[in-house]
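Welcome! Please take a look at the sequence and the 3D structure below, and then follow the notes through a few topics.

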Amino acid sequence: MRVTAKERAAGRLGEDRLRIVQVAYEVAGEGPPVVLVHGYGVSGRYMLPLAEILASSCTAFAPDLPGHGQSEAAATPLGVGDLADALGGWLDAVGLERPALVANSMGCQIVTELAVRRPERVGSMVLVGPTIDPARRSARHQIFGAFRDSAHEPALLVALAGLREHDGERRER
């Protein structure tokens with residue numbers, strides 16, 4: 001299944017920030033919405049193999065969090081709370097009501113923070129490989145962990161994630 005075209009979704013950053021960032025995303029399939037949230041250091045394209053599988057039974061969305069992939073970067077570094085706010089703003093902009101969320105790595109922290117801040121916006125959650133060690137939550141530790149963990153991933157998956165960073169169009173809104 002081919003993942004489709006081009007739109008942009010506004011994600012609001014933080015309760016005290018009114019700045020809008022552009023969030024690129026891809027969508028595939030038809031049916032109940034499922035949002036696939038990537039971890040640190042990759043983009044939504046990392047989740048596209050799963051999106052293509054899910055597309056036979058649901059609508060799979062794979063957004064690039066702000067500062068990742070083809071999404072706009074914020075003027076200042078974003079923490080987990082900021083990314084949760086941006087994800088919530090993107091859900092609002094795209095019009096998704098309580099979608100299921102599948103998150104990987106640091107994406108797990110982001111969706112759980114969104115669930116704490118805005119529980120009415122979150123459906124079921126699947127957390128894959130959450131980073132729960134407080135000492136490993138910094139960007140430096142996340143990057144090191146990603147390199148270390150990629151050695152345990154199938155080479156084809158790592159290559160596919162890297163290739164998908166450079167091909168195709170992204171939805172942007």
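Setting aside neighbours within four places in sequence, Leu83 is in contact (heavy atoms within 4.5 Å) with Leu65, Pro66, Leu78 and Ile110. Keep in mind that this is a predicted model, where local features need pLDDT of at least 70, side-chain atom pairs count only at pLDDT 80 or more, and totals for chains, interfaces and linings use all residues. Residues are numbered from 1 along each chain as its sequence is written, and side-chain values use heavy atoms, with hydrogens and water left out.

**Around Leu83**

- Leu83 sits in helix α2 (residues 80–94); helices (H or I, at least four residues) and strands (E, at least two) are DSSP runs, numbered from the N terminus.
- Why is Leu83 called buried? Leu83 counts as buried because its relative accessibility is 5%, and buried means under 20% relative accessible area (1.4 Å probe, protein chains only).
- Val111 is 28 residues from Leu83 along the chain, and their C-alpha atoms are separated by 9.0 Å.

**The cavity**

- The structure holds one cavity of 30 Å³ or more; a cavity is a set of points on a 1 Å grid over the protein atoms alone where a 1.4 Å probe fits but cannot get out.
- The volume of the largest cavity is about 30 Å³, counted as the space filled by probe spheres set on the points, which are joined across faces, edges and corners.
- Leu83 is one of the residues lining the largest cavity, as are Leu65 and Ile110; lining residues have an atom within 4 Å of a point.

**Strand β4**

- Five of the five residues in strand β4 (residues 59–63) are buried.
- Thr59, Phe61 and Pro63 point one way from β4, while Ala60 and Ala62 point the other way.
- Strand β3 (residues 33–37) pairs with β4 in the parallel sense over three bridges; strands pair if DSSP finds at least two bridges between them.
- Ala60 in β4 is the bridge partner of Val34.

**The nonpolar cores**

- A nonpolar core is a set of buried Ala, Val, Leu, Ile, Met, Phe, Trp, Tyr and Cys residues joined through side-chain atoms within 4.5 Å.
- In the largest core, of 22 residues, Val35, Val37, Phe61, Leu87, Trp90 and Leu96 touch the most other members.
- Helix α2 gives this core its largest share, six residues.
- A second, separate core has nine residues, including Met47, Leu48, Cys58 and Ala60.

Methods:
Buried means under 20% relative accessible area, exposed over 50%, partly exposed in between (1.4 Å probe, protein chains only). On a 1 Å grid over the protein atoms alone, a cavity is a set of points where a 1.4 Å probe fits but cannot get out, and a pocket is an open set with protein on both sides within 12 Å along at least five of seven lines; lining residues have an atom within 4 Å of a point.
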